[in-house]
Amino acid sequence: MSLLSLFLLIILSLLQFSLSLSSPFNYSLHIDCGGLVNTTDAFRTTWLSDAFYSGGATSVVSEPLLFLHQQEKTLRHFPISSGKKNCYSVPTGVAGGGRYFLRTFTVYDNFDGKSHSPSFDVSVEGTIVFSWRSPWPESVARSGAYSDLFFHHNEPVVDVCFYSIATDSPVIGSLQLTQIEPNAYQFEYAKNSSNYILVNYGRFSSGSDQWGPGFTNDTDFFSRSWQSDAEFRLTSVSIANGATIKSISAGKPIANVETNPNYFPEKLYQTAITAEGNGGGILEYELPVDAKMDYLLWFHFAEIDAGVSKIGQRVFDVTVNGDNVSRVDVFKEVGGFAAYDWSYVVKNLSSTTLNVRLESVVGAPIICGLENYAIVPVDLKTIPDQVIAMKALKESLRVPDRMGWNGDPCAPTNWDAWEGVTCHPTKDETALVVSQIDLGSQGLKGYISDKIVLLTNLVSLNLSSNSLGGNIPSGLGQNSLVKLDLSNNKFTGYIPDSLTSSSLQLVLLNGNLLEGQVPEDIYSIGVHGGAIDLSGNKGLCGVPSLPDCSLLWGENGLSKGAKIGIGVASLVILSALITGIYFCLKWKHRNDYDFGLPHELTALAAKRNRYHRQKSLMDLEMERQHAKGFIPTYNVS
C-alpha cells in the first residue's frame with residue numbers, strides 16, 4: 001500500500017468508523033474482514049467494510065446460519081500466491097501514540113472445502129502474539145474464537161500481520177482496535193510495561209454467564225469480554241473437600257468501580273462465587289497456558305455478602321501453582337460492597353497449566369473474577385529509516401505481491417524476513433538492520449529508489465537479470481557494501497563516483513546500457529583481488545578491455561571540455577537563431593506598412609511626368625515646323 005493511498009484510507013476511515021462515545025478515550029475501530037458494506041450489529045456497533053489489508057481474498061463461512069453476527073460470517077484469507085506475510089495496517093487515530101486493546105475473531109468452518117484448518121502466526125508490530133496450528137479443536141474450527149491483548153504503540157498505524165506456515169492460508173474474521181488508558185495494567189517487572197504485550201489467556205467473571213461488548217449490552221470501557229468462571233473452575237476439588245459452591249449477588253451498588261486507570265466495570269463485582277463447608281471451603285481454578293513464559297494474574301474481589309460486616313469474618317489464602325502468595329481479608333482492605341483488586345506475576349512457568357487455589361482460613365473464600373495474561377516482550381524491530389528505505393524499494397522495484405513484502409522488513413525475528421532479504425541485530429541488540437538483498441531473476445521492471453542510501457548496513461545487493469532501468473543512484477556505495485550485482489538489466493547513465501568510496505570486492509555491471517568513462521578506483525577492484533565485469537555496455541570507456549574515451553567523456557559523464565564545447569556551440573546556435581528571428585520580424589514589420597508613396601516621392605514623380613509631357617509636345621511641334629521648313633524656339637521653364 002502506497003503512502004498516498006494509506007493517507008486517503010485513513011482520512012476516509014476517520015469519517016466512517018464508529019467512536020465509542022461511552023469510553024473516556026473516544027476511539028474504537030471495528031473492521032469486518034471480508035465484509036463488503038458497513039453494517040451495524042445488534043449492540044449498535046458499526047462495523048467498517050473490509051479495509052487496510054495488503055492482499056488476500058474474501059470468502060464466507062460454509063454454514064453462515066450458525067453464526068449470530070454478520071461480521072462472524074465473512075472472512076479474509078491469504079493464499080500463498082499473496083506471499084508468506086500479509087498485514088492489516090490499521091490507523092490508531094491518536095497522535096503521539098498510546099495504549100490499545102486489540103481483539104480478533106478467527107474462524108475456519110471449512111470455507112475452502114479442504115477440511116484442513118490452517119497453521120499460521122499473527123504478529124502485532126513485529127511481535128508474535130497468536131499461533132494457530134492444525135488441526136484446531138473441532139469447536140473452534142467450526143464456531144471460531146475471539147482472542148485479545150493490550151499493547152502500547154507510538155505510530156499512527158499499527159501492522160497486524162499474518163505469516164503462513166508451509167503453504168497454508170491464514171484467515172481472519174474481524175479486527176477491533178480500541179484506545180485505552182495509557183497507564184492501565186501497570187505491574188512490577190524488569191522494564192516498563194510498555195515494553196510488553198499482555199496476551200489474554202483467560203478472563204472470567206464469577207457467578208455469571210459470558211458478558212461484555214459483542215456478547216451483551218453490558219458496558220466495559222476497554223471492550224473486554226468476560227467468560228463464565230465455570231469454564232475454568234475445578235468443581236471436583238470443592239466437592240471432595242465437602243464444600244458447596246454458591247453464587248451470590250450484590251444487593252446494592254459497588255464502590256471503587258470504573259475508575260482510572262483500569263476502569264473495571266461494576267458488573268464484574270455484582271456477582272461472586274464462594275465455597276462453604278464444615279472443614280473450610282476451597283475454590284480451585286485451572287488455566288491453560290504455554291510453558292516457558294511469565295504470566296500476569298489480576299484478581300478481583302468484593303465483599304458483597306451483607307452478613308460479613310467486620311474484619312476477620314472472611315479470611316482465605318491464595319496459592320498459585322502451590323506457592324502461597326497472599327492472605328486476603330477483603331473487608332479489612334476496603335470494607336463491604338467495594339471493589340478490591342491486586343496482581344501477581346508468575347515467572348518462568350514450566351508447565352502448560354496454571355493452578356489458582358483459594359483456601360479458607362476463616363469463613364468461605366470468595367472471588368468475583370480473575371484475568372490471566374501472558375507477558376510477551378516486544379520483539380526487536382527494523383530501524384525506522386531502513387523501513388522507509390525498504391518500502392520505497394518495494395514501490396520502485398515493483399516487487400510482486402507473491403513475495404510478501406508487507407509489515408516490518410525484518411521482524412518478527414523468528415519469522416523469515418521479507419523474501420530475498422537478510423537481516424541481523426545491531427551491535428547493542430536494540431534493533432534490526434538489513435544486511436543483504438537478493439532479488440535476482442524476479443521479473444522486476446522498475447528502478448532503484450534513491451532511498452537505498454538509508455540502508456547503511458547493506459553488505460550485498462543482487463538485482464541481476466531483471467528489467468530494471470534508470471540511473472544507478474548517486475548515493476549507492478555505502479561503506480558497508482561489499483558485493484554489488486546489477487548485471488543484465490537496462491541501467492543507463494554513468495557509473496557514480498559513490499561506488500569508489502565503498503568496500504566493494506565484487507562489482508557486476510555487465511549487460512546494461514551504461515556509458516561514459518569508468519572511474520579508475522572502481523576498476524582497481526579487480527587489480528586488488530576483487531572481481532569486476534563491465535562488459536556489454538557499449539558506451540563505457542577508459543579502462544583496459546574497454547575502448548579509449550573520446551574528449552567528450554569524463555569520469556562523471558561528459559568531460560569538462562565537452563561540456564564547454566557543447567555550451568559554446570549551443571550559444572552560437574542560439575545567437576544565430578535569435579538573429580534570424582530578428583530579421584524575419586523586421587522584414588515582416590516593413591511589409592506590413594501601407595503601399596502608398598510618401599509625399600516627397602509623389603512630388604518628384606509629378607515633376608518628372610510634367611517634364612516628359614512638355615518634351616513630347618516639343619517633339620510634336622518640331623516635327624510639324626520641320627514640315628514647314630523652320631524650327632521654332634521655346635522658352636522652357
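Select Cys-87 and Cys-161 to start: a disulfide joins them, with 2.0 Å from S to S. Keep in mind as you look around that this is a predicted model. A disulfide is a covalent bond between the sulfur atoms of two cysteines. Now colour strand β6 (residues 85-91), where Cys-87 lies, and strand β11 (residues 157-164), which holds Cys-161; the pair therefore ties together parts that are 74 residues apart in sequence. Look along the S-S bond: with 100° about it, this link is right-handed. Is Cys-87 buried or exposed? Cys-87 is buried, at 2% relative accessible area, and Cys-161 is buried too, at 3%.

Next, select Cys-410 and Cys-423, another pair joined by a disulfide, again with 2.0 Å from S to S. Cys-410 sits in the loop between α5 (384-396) and β26 (421-425), while Cys-423 is in strand β26, 13 residues apart. The torsion about this S-S bond is about -70°, so the disulfide is left-handed. Show the surface here: Cys-410 is buried at 5% relative accessible area, whereas Cys-423 is partly exposed at 23%.

Move on to Cys-541 and Cys-549, which a disulfide joins with 2.0 Å from S to S. Its torsion is about 100°, so this one is right-handed. Cys-541 counts as buried at 4% relative accessibility, and Cys-549 as partly exposed at 24%.

How many disulfides does the structure hold? There are three. Count the bonded cysteines in sequence order and the pairing reads 1-2, 3-4, 5-6.

Notes:
Residues are numbered from 1 along each chain as its sequence is written. This is a predicted model: local features need pLDDT of at least 70, side-chain atom pairs count only at pLDDT 80 or more; totals for chains, interfaces and linings use all residues. Side-chain values use heavy atoms; hydrogens and water are left out. A disulfide is a pair of cysteine sulfur atoms within 2.5 Å. Helices (H or I, at least four residues) and strands (E, at least two) are DSSP runs, numbered from the N terminus. Buried means under 20% relative accessible area, exposed over 50%, partly exposed in between (1.4 Å probe, protein chains only).
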